[in-house]
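Subject: Structure for your review

Dear colleague,

I am handing over the structure we discussed, and below it I have set out what was found. Please read the notes alongside the model.

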Amino acid sequence: MKRILGFDGWFRQARRALTVAAAVAALAGATIAVADAATPPVLHLGALQYGTVHWELEHLQRRGLDRANGFELRVRLLADLPASRLALASGSVDGAVGDLLWAQARHEAGSTYAYLPFSSQIGDLLVPLASNIQGLADLRGKRIGVAGGPDGQGWLLLQQAARAQGLDLTDAAEVQFAAPPLLEQALRRGQLDAVLTFWQFAARMQAAGGVRSALRVESLLGELGLEGDVPVLGYLFPRDWAARNADLLARFARAVRTAKHELATDPAAWAALRPLMRADSEALFDALRAGYLAGTPAPLDAVRIANLQRFLRLTGADPGRLLPAEAFVREQP
């Protein structure tokens, strides 16, 4: 016989059903909250496929230093520097490595980037082994090839140091701007007397033989009154993004510092990076590794930030519109 519930029975049954439903909903909500809490924020960075930044980020990911610091790193490989700058400016990546002078130019144009130091390496002035060029004074009347363009950091510093010695290279020498591989060919064919090129290409050229370094651009910094290493390359992040993601940026900075420390202290860590380095000889492999490590910058403080701003003034930045001190990222403990 089918039992018919009275109002009180119906009410008690309905209340039990609602209580169970509420408990299930609460449990589901707690599960979702835990899942959200366990999902780390994602940082998207652009990197040149065979650049030194890729080496560093590959090691960071391989060692799980992103997860250990509470975020997930995703790297987008890019073909060249213009593609990297476009990706950064368009917002298709959160950050990418760029040079300090480009960051200053973008600041003057109204787009400020937060700047986390990456490297203090700039480049070398290379000459044939038999050349009599030993320093800046010997460049008078010479044919100089310059990698990049007339606004490159190395070229601006070379000019500034030469002017301090009373030599205007734009008038006293014949200057050509071109890509590093073309300049290497011209130097080896005797069509140029010297080549100012980026440090990685300088390492490759010297490993191949027939050329030597007449001077390292970094050595000129002391003559210009700049103290210590000057990190002229840095990870750049749009200012608004950096303000919204200050904690994520701090976590990334800690992961980068750990990666640099491991690469400096554990030679075995480089074995996994060798395919990215395109080093077909032990001499080149050792030179590239040494060059990367030599560029490792110390953490920023007020004195070092002031040094970077002085670097900007020396290379022609508007003193009244310098990249502000707060744009430089100081690592948190």
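Contact here means heavy atoms within 4.5 Å. The model is a predicted one, and in it Leu249, leaving aside its neighbours within four places in sequence, is in contact with Phe237, Ala242 and Val329. Leu249 belongs to helix α12, which covers residues 246-265, and because buried means under 20% relative accessible area, Leu249 counts as buried with its value of 7%.

The side chain of Asp99 reaches the backbone nitrogen of Trp102 at 2.7 Å, and, not counting residues up to four places away in sequence, Asp99 touches Arg85, Tyr115, Gln153, Val232 and Leu233.

Finally, there is a helix pair: α9 (residues 199-208) and α14 (residues 282-294) pack with their axes 9 Å apart and at an angle of about 155°, and since angles over 145 degrees count as roughly antiparallel, α9 and α14 are therefore described in that way. The crossing of α9 past α14 is right-handed. On the α9 side the contact is made by Trp199, Gln200, Ala203, Arg204 and Ala207, and on the α14 side by Leu284, Ala287, Leu288, Gly291 and Tyr292; these residues divide into seven nonpolar, two polar and one charged.

Note on methods. Residues are numbered from 1 along each chain as its sequence is written. This is a predicted model: local features need pLDDT of at least 70, side-chain atom pairs count only at pLDDT 80 or more; totals for chains, interfaces and linings use all residues. Side-chain values use heavy atoms; hydrogens and water are left out. A polar contact is a pair of N or O atoms within 3.5 Å; within protein, one must be able to donate a hydrogen and the other to accept it, and residues adjacent in sequence count only if both atoms are side-chain atoms. Axes are lines fitted to C-alpha atoms, for helices over the stretch in contact, and angles run from 0 to 180 degrees between N-to-C directions. Helices (H or I, at least four residues) and strands (E, at least two) are DSSP runs, numbered from the N terminus. Angles under 35 degrees count as roughly parallel, over 145 as roughly antiparallel, 65 to 115 as roughly perpendicular and the rest as oblique. A crossing is left-handed if the near helix is turned anticlockwise from the far one by less than a right angle, and right-handed if clockwise. Ala, Val, Leu, Ile, Met, Phe, Trp, Tyr, Cys and Pro count as nonpolar, Asp, Glu, Lys and Arg as charged, and the others, Gly among them, as polar. Buried means under 20% relative accessible area, exposed over 50%, partly exposed in between (1.4 Å probe, protein chains only).
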